[in-house]
Amino acid sequence: MLTEQNYKVFNSILDNDFYKFTMQCAVVKLFPHTKAKYKFINRGEHKFPPHFDKALRTAIDNMALLKLTKEEKQFLIENCQYLNPAYIDFLEGYRYDPSEVTISQAGEDLEVYISGYWYRTILWEVPLLALISELFYKLTDQKGWSEEQIVQKTLDKIKLYNELGVTFAEFGTRRRHSYRTHREVTRTLSSYKGKSFSGSSNVHMAMLYNVKPIGTHAHEWFMFHAAEFGFKMANAMSLEHWVDVYRGDLGVALSDTYTTDVFFKQFDTKFAKLFDGVRHDSGDPIEFAEKTIAHYKSHGINPLYKYIIFSDGLNPKKVEAITKACKGKIGLSFGIGTNLTNDVGLKPMNIVIKLTDVLTSDQEWLPTVKLSDEPNKHTGDPKMIALAKELLRIK
């Protein structure tokens, strides 16, 4: 049995993905009255041990103690100039409110819900998933590889990526094996980075190992805009509002919230020139690259001046295949998550937390949906999914 001390998994409020902070900054500025609901989805149908809910509850309650330190604040000021001073001051006063998270367990099934103001609840998703993953391995007493084996595996990967001449970042917070494993992997990558390792999506890890924090926005940004402004306007309004806040910084656009084909209809010459590139997160990566290259060319843009960040379930084999197919045609970069922070000889968890509802400006709760390039990844209310597909002419 774990002691209460073992439930204190998080040591820093910055132990979270960077795009959570960049989106929070935008929400504080543009949508401070919006409320949101999130739901835990157990895609892998993992069976949770008895009293898992109590362990998770204790860990969540402990997160209320986290706060931005003076050193962390200075790191953000020096390294993230596009985060305005008012937001950084807000973050210094922010505290996690555990009452925003509801947990229940029936047998081996776990349910987790988050509800509250969007500008507050937006930070819960990633650390909650990391908590669930780490506690699951501990409470089911699963033993992974030794630290030496994990380090060697990580070294083998970065050597391969250096040989391929590709750039990649570590994107593995949400489904990491443990905080300790995450630190060891990031330490190894930063020590032997060569020309390949570009940074981490985790701001705490980026600060610890003096690398760049990397990220822009996630699907929930577009899902909110669909609920607030309508499915046909979701992509354009999402990008317009992002530009309003960041004025050209953080210029990588996520393309697959309502399928890539729909996204490119609104990713016009203005956006294609203004944004530095796009991120691939579902569907066939090489097919996506071909569509992206063709789209840039159709707007008179040299694809070699733009780039794609690939971030969907990557491993060395996939990275090598994508590189061979696309190198010399468009700029390439990779965001590698679970294969770095949860490649320890155990089966990685397949879990997500998704935005499910938003309270719109007319004070109505509306369900949100996501229609990725893989139909089995569609999430949301079935009626709203059907409506979105009809409006967007998605088969």
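How many residues has the largest nonpolar core, and which of them have the most contacts inside it? The model is a predicted one, in which local features need pLDDT of at least 70 and side-chain atom pairs count only at pLDDT 80 or more, while totals for chains, interfaces and linings use all residues. Residues are numbered from 1 along each chain as its sequence is written, and side-chain values use heavy atoms, with hydrogens and water left out.

A nonpolar core is a set of buried Ala, Val, Leu, Ile, Met, Phe, Trp, Tyr and Cys residues joined through side-chain atoms within 4.5 Å, where buried means under 20% relative accessible area and exposed over 50%, partly exposed lying in between (1.4 Å probe, protein chains only). The largest such core has 121 residues, and Leu56, Tyr258, Phe267 and Phe334 have the most contacts inside it. The element that gives the most to this core is helix α6 (residues 125-139), with eight residues; helices here are DSSP runs of H or I with at least four residues, strands are runs of E with at least two, and both are numbered from the N terminus. Apart from neighbours within four places in sequence, Leu56 is in contact (heavy atoms within 4.5 Å) with Ile103, Leu110, Val112, Leu128, Leu131, Ile132 and Leu135.

In helix α17 (residues 382-391), the buried residues are Met384, Ile385 and Ala388. Because they cover an arc of only 105° around the axis, taken from the directions from the helix axis to the C-beta atoms, they lie on the same side of α17. The face turned away from that buried side carries the exposed residues Pro382, Lys383 and Glu390.
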